[in-house]
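Thanks for coming. I have one structure to go through, so please look at the screen.

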Amino acid sequence: MENTLGFFLQHREAIFIVILSIFLGIEVISHVPAILHTPLMSGANAIHGVVIIGAIIVMGHADTTGSMILGFLAVVLGTLNVVGGFVVTDRMLEMFKKKK
Amino acid sequence: MDQLSQINNGISVLEIIYVIASVLFILGLKMLSHPLTARRGNILAAFGMLFAIIATILFHTKDGKPIGNIPWILIAIAIGTVIGWVIAKKVKMTAMPQLVSFFNGMGGAAAALISMIEFPNVSPELIAEQGIANGHVLAILLGLMIGTVSWAGSMIAYGKLDGWIGDMRIKAMKYINLTILFVLIGFIVFIMTRDVQTTSELTPLIYIMFAVAVIYGVLFVMPIGGADMPVVISLLNSFTGVAAAMGGFLYNNQAMLTGGILVGSAGTILTVLMCRAMNRSLLNVIVGVFGGGGSANVTVDGSVKEISLTDAAVLLSYSKKVVIVPGYGLAVAQAQHICHELDKLLEEKGVEVKYAIHPVAGRMPGHMNVLLAEADVPYEQLIESDEINPDLPNTDVLIVIGANDVVNPAAEDDPSSPIYGMPIIKARDAKNIIVMKRGMGKGYAAIENMLFFNDKTRMLFGDAKSTLQNLVNEVKSL
């Protein structure tokens, strides 16, 4: 019990952010028309590419060859997620736009 | 005061930029959910990401200085950018869903790699102080598990949508999957209850856990097929979001935390919305057997009647109202442009032409809208199924092009059918129905479609593109 409470106290800021973000995510999405489901999924997909920041941090303090290689791979894959995600989403949305 | 003296400019700038990035993510996502602002929203979020990346490289050390290995980081980013850009620009619009799945998998893999690198690096001081059962280790293990499952699952989903992985269904699958899930959780509990001084002595366990998570990811997606695929991709998308958020815990990084959790929760809601569009529950999708053999006991009475191109052209040209129901078959044949040509031709003859778009037409909700938009079909002609259904009895001809399950009356008639209850386009209400199909094969959900045997239905067999081309020529020569 003490452990759990200690854990909570130690990470209270993060827990706070998590809870607020959950509600925010639900609120932001809830009235989306069906035609935007695919672009929205794709856009959200690009946003979780934020994992690349973790990859960069890992790479930044990597000191062994092993962690260098894995970190390098992580940065490449993370970038793929970010760049590919945003570009694909833009391509989808571009098509909707030229109609106007 | 002590704390204040530690604050320096680099760190402050970094944290401010993270706040800005988080705001841009939120705004971007919000704008993405409205048709008019969607494109700007996407670009906004991309800028948020760019700022966060640059700031991380420049300031992310304890004293706010640039981090190490910058040349290597830039090379890695350059490689990822070029590959990602080229793939994203080159891929055909029909292959969009599997591409989203592919990129999603990359994010999951990156999250898993981070955990693998960080696990042996957990500081012995932290373990001495709090034991191995601390938040840091938990975040690493969860990041590894969720990231890996998301990666493996996304790759399978990618393969399935691309058509080189088939469905695999074993009755006991859900028990097997449940068991593996418990094994994974068991691993986490086991690792976190060890009495060790450093995590490096447990590192081999991490690799075994990674392997088990790969197996789980594969088996999790393997039995799911048919129209449920986009739901799974959306679900895996939110998994990756959570995995990224674990990285946020790990580094106490607010941008990763907000970005990850935001996608995690928005992705979950999106998944639920998609399920609702198909009148299915999420649990049903995950453990259900959609697209399985279906009801084998359907007795087919009546026979399939064909129509000649000329007859079809005459029928269409002298109608008042025509409704086109496009499906994935239209998309794979790349026939959306020629289809639009047919509709323009008919409109010139005074025929009113509309498109009936089912929420899950194509391979993802909204996929068909993207494809038709690509072919310059105006927005106003695309009508959602709920709206067009009451109008169908007044429709002279309804043309089904490469669609199947979304017009299958079994969804209304046959409680034993796996698609029973799914909202459909009530094609049989129309006065005449023309179905364009490659052959008598079953749809993506592998269910017999009684619409094809309806008295009002005429079949036009052949590849959608060439059939439409021939039909256009016939209409022109009338």
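Helix α8(B) passes α9(B) in a left-handed crossing, meaning that the near helix is turned anticlockwise from the far one by less than a right angle, clockwise being right-handed. This is a predicted model, in which local features need pLDDT of at least 70, side-chain atom pairs count only at pLDDT 80 or more, and totals for chains, interfaces and linings use all residues. Residues are numbered from 1 along each chain as its sequence is written, and chains are lettered from A and ligands numbered from 1 in the order in which they are written.

Back to the two helices. α8 of chain B covers residues 173-192 and α9 of chain B residues 203-221, and their axes come within 10 Å and cross at roughly 155°. Axes here are lines fitted to C-alpha atoms, for helices over the stretch in contact, with angles from 0 to 180 degrees between N-to-C directions. α8(B) and α9(B) are therefore roughly antiparallel, the term for angles over 145 degrees. Among the residues making the contact are B:Ile180, B:Leu184 and B:Phe187 of α8(B), and B:Val212, B:Tyr216 and B:Leu219 of α9(B). Contact means C-beta atoms, placed from the backbone, within 7 Å. By class, this contact has 16 nonpolar, 1 polar and no charged residues. Nonpolar is Ala, Val, Leu, Ile, Met, Phe, Trp, Tyr, Cys and Pro; charged is Asp, Glu, Lys and Arg; the others, Gly among them, are polar.

Next, strand β4 of chain B, residues 397-401. All 5 of its 5 residues are buried, so β4(B) is largely enclosed by the rest of the structure. Buried means 20 or more other C-beta atoms within 10 Å of the residue's own, again placed from the backbone. B:Val397, B:Ile399 and B:Ile401 lie on one side, B:Leu398 and B:Val400 on the other. β4(B) runs parallel to β1(B), residues 321-326, with 5 bridges, and B:Ile324 has B:Ile399 as its bridge partner. Another 5 bridges join β4(B) to β5(B), residues 432-437, also parallel; there B:Ile401 stands opposite B:Met436.

What about chain B as a whole? It has 19 helices and 6 strands, taken as DSSP runs numbered from the N terminus, helices being H or I of at least four residues and strands E of at least two. Buried residues make up 52% of its 478 residues.

Last, the interface: 76 residues of chain A are in contact with 90 of chain B. On the chain A side, the largest share, 29 residues, comes from α5(A).

Methods:
Angles under 35 degrees count as roughly parallel, over 145 as roughly antiparallel, 65 to 115 as roughly perpendicular and the rest as oblique. Two residues are in contact if their C-beta atoms, placed from the backbone, lie within 7 Å. A residue is buried if 20 or more other C-beta atoms lie within 10 Å of its own, exposed if 12 or fewer, and partly exposed in between; C-beta atoms are placed from the backbone. Two strands pair if DSSP finds at least two bridges between them.
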